[in-house]
Every structure is written in structure tokens, then in C-alpha cells.
Amino acid sequence: MRNGQNFRIDPERLWDSLMEMAKIGPGIAGGNNRQTLTDADAEGRALFQSWCDAAGLTMGVDTMGNMFATRPGTDPNALPVYMGSHLDTQPTGGKYDGVLGVLGGLEVVRTLNDLDIQTKHPIVIVNWTNEEGTRFAPAMLSSGVFIGKHTQAWAYDRVDAEGKSFGDELKRIGWVGEEPVGTRKMHAMFELHIEQGPILEAEGKDVGVVTHGQGLRWIECTVTGKESHTGSTPMHMRKNAGRGLALVTELVHEIAMANQPGAVGAIGHIDVYPNSRNIIPGKAVFTVDMRTHILDKLNAMVAELMERAPKLCDEIGVEFDCHIVGQFDPPAFDEGCVAAVRAAAEELGYSHMDIVSGAGHDACWINDVAPTAMIMCPCVDGLSHNEAEDITKDWAKAGTDVLLHAVLNTAEIVE
């Protein structure tokens, strides 16, 4: 690579872009509420396109609203190298989740323009529609359609809390493209993202080299007992569904702890019926979330839950039933792309470590159809999906410098 160690992005320009985008869809506590297919999302897209136009890029948009900004390569037959993430946010989201990956990609292109560097392969910045899945479930919806995980018709029929459909809202904001979704071919893809966890900051590392994504299982569980008066039902005669919920909660924690390192488990969504102060719960419906990057371990954790939970509940006179309502097998990212990220961090002198992504990302889907890897930068206290989400300029610079070099290594500089 020509004077490779001297290639660096402009951190001030990157930071200014992040702050300018953060003005669109401001939150109430310093973050952002730029949910997908809202007017704010449309405004953010328009700003991103204006920056791409100024950088000399050609914009393509597919029928799911995914945006693809292309810098040509010297070989018209070479497949493009993609980089990017998403611009949509949670209702109380931060300034960097997803946005860093898109604007970091833009900064890479701006740097290549500044240095007059040409590459054999075209380079494309992508903004994936509806990564968050907050307004229209599930998450990573459009990248899922792109790889054929979901059909476009099914995605268009997803509705938000007000009954508005994805397809109608995409049309309303004016971002239905003409390009058929999923027709693009990729040489490789890199996604830069904040960690959304505390490991890199705690370990004092500049960069996370993401080797795997976590697989997950969402298991919807129902404990059925008998509603009765809390004051007049003797303790030994109760069939308390809430107690069953408590026992399964502790079981989930026990299973996750027994499968360390790299396994997690918790109960998130809970509905207790009839949810009255003076009635012993007759039913509890809740979802167990289990995750690890090792498929055999993940399946074993689920099997142990399904074997032991009914016995625990039977011992206290309540019934247990469950079924899987969501699943995602753990992706192992492409060894060549991962090696390119690791080599870039080492060449640039940034401290780094291998890490597993604890959250789902568009890269996890794209990994099914093209060589893919992720780069992570620390975030303060591991906080994300929160308006207090924060990173430093130095962390943003390190991650984007590594993105620059990994992409250049893959796209091949033309001397």
C-alpha cells in the first residue's frame, strides 16, 4: 500500500458530519429520535445524499429504500466493496449507533478523494433501511429482504403501532427506489459500529475486531396457575404463576452463568394476569432471550431450559409451556475480511482485541451472501439505545482509520 501508514481520515470533518446529522430528529435529552420512514428519516437521507453528491458519488436506491452511493473503480468488471450501516434510530436513541458506520464510510470516500487514490474495485456506501426495527418489526428488515430472508411483500405489510404500513410510509416519504432489491453483488462488506457494550472501554482497547455475531433464541413461555385472593388463600394451597415466573427467571440466569464465557440470558418482556394488587397471578407470559456465538452451546442452553422449567413449575403446582418465537444462528464473519480489519489495526498502531457482537446488525445478514466483517469502537460505559450514548473523537477516528485501510486492502489501490 502506497505510504499506507500515512493514510488517515480527517477526524474533525467526521465529527462535524456526525453532529450535523444529529440535528435532524433531535431527542428530548441530547440524543436522537429519527425513527425509520418518518419525516426526520427522510430529512436525514436527503442530507446524506447531498454529501454523497458533493463527493462525486452516484446514488442508487432500491425498492426497500436502501441507499447505495458508489465511487467507481478502474475495473468495470470488478465487484464493489461495500461499507455502511444505518441512519435510523431508536425513539430515544443516540447520535452514533449506526450513524457512525454510514458517515464513517462517507469520510473514507472523502479521504480517498483528498488523496487522489483510485481503487480497482468500486466502493459503495450503504444506508440500510429500518435496521432498528422499533417502528416496524423485525430489526434489520431491509437487509433481510436484500438477502432473501424475508419477502418484499411481507416487509411492505409490516405495520407500526398506529397501523401504518412500511410500504405506504416508504412511499409517503419519497424513498421507494426503482432498483429491484437484492440484485446487487458484493466483493465484500465492512460495517463500522459502536460496540453497544462495555468490553472495549473496560479493556482499554481502541478497536474491536469482530469475529462472530451472537446467535439468539427468543422463547415465549407461559406459566399457568390459578387466580385467587391474596389475603384468604393459604400459602400451601396457592398455585402462584408469579412464583413460577420467579423460578424460571433464576433458572435462566443459572444456565447462562454455567455456560460462560460468551453466553447471556435474561427475561425481558413480561405480562402477568390479571395484574391486580390483591389477586395471586393465574398466568404469566414472558420471553426468555438466550444468546451466544457458539451454536451447539446455544441449542444446549435452550434444551436445558425446556427440560428443567416444567419440572420446577410442576413442583409448585403450576404448568409450564413454551415455544420459540425468534431465532438467529450465530454468524462467523469472513476470515479474510476479519484478517483485513486486524491487519489494519496493527499497521496503524491501534490497540485492539477480538470481540463478539452482542447485538444484531445488518452485517450479520449480509454475511450470508458476501464476505463480511465488522469493526467496533468503544462507547462510554457501554451505553447504547439511550440518548446518553457517547463516544470520543479519538475512538471515532481509530475505527474509521481502520475502516479506511481494511477497505483499501480489499478494494486494491491502483498505483
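Start by selecting strand E7 and strand E14 (residues 352-357): six bridges join the two, and they run parallel. Strands here are DSSP runs of E with at least two residues, helices are runs of H or I with at least four, and both are numbered from the N terminus; two strands pair if DSSP finds at least two bridges between them. Keep in mind that this is a predicted model, where local features need pLDDT of at least 70, side-chain atom pairs count only at pLDDT 80 or more, and totals for chains, interfaces and linings use all residues. Residues are numbered from 1 along each chain as its sequence is written, and side-chain values use heavy atoms, with hydrogens and water left out.

Zoom in on histidine 212, which sits opposite valine 356 of E14. E7 (residues 207-213) has six of its seven residues buried, so the rest of the structure largely encloses it. Buried means under 20% relative accessible area with a 1.4 Å probe, protein chains only.

Next, select helix H9 (residues 295-315). Its buried residues include Leu298, Met301 and Leu305. Show strand E8 (215-224) and helix H8 (241-258) too, as they are among the elements those buried residues pack against, with contact meaning heavy atoms within 4.5 Å. After H9 comes glycine 317, with a positive phi near 80 degrees.

Last stop: helix H2 (residues 39-54). Phe48 and Trp51 are among its buried residues, and the cover over H2's buried residues includes helix H1 (11-22) and helix H3 (99-115). Just past H2, look at glycine 56, where phi is positive at about 80 degrees.

Definitions and conventions
Buried means under 20% relative accessible area, exposed over 50%, partly exposed in between (1.4 Å probe, protein chains only). The expected span of a helix is 1.5 Å times one less than its number of residues.
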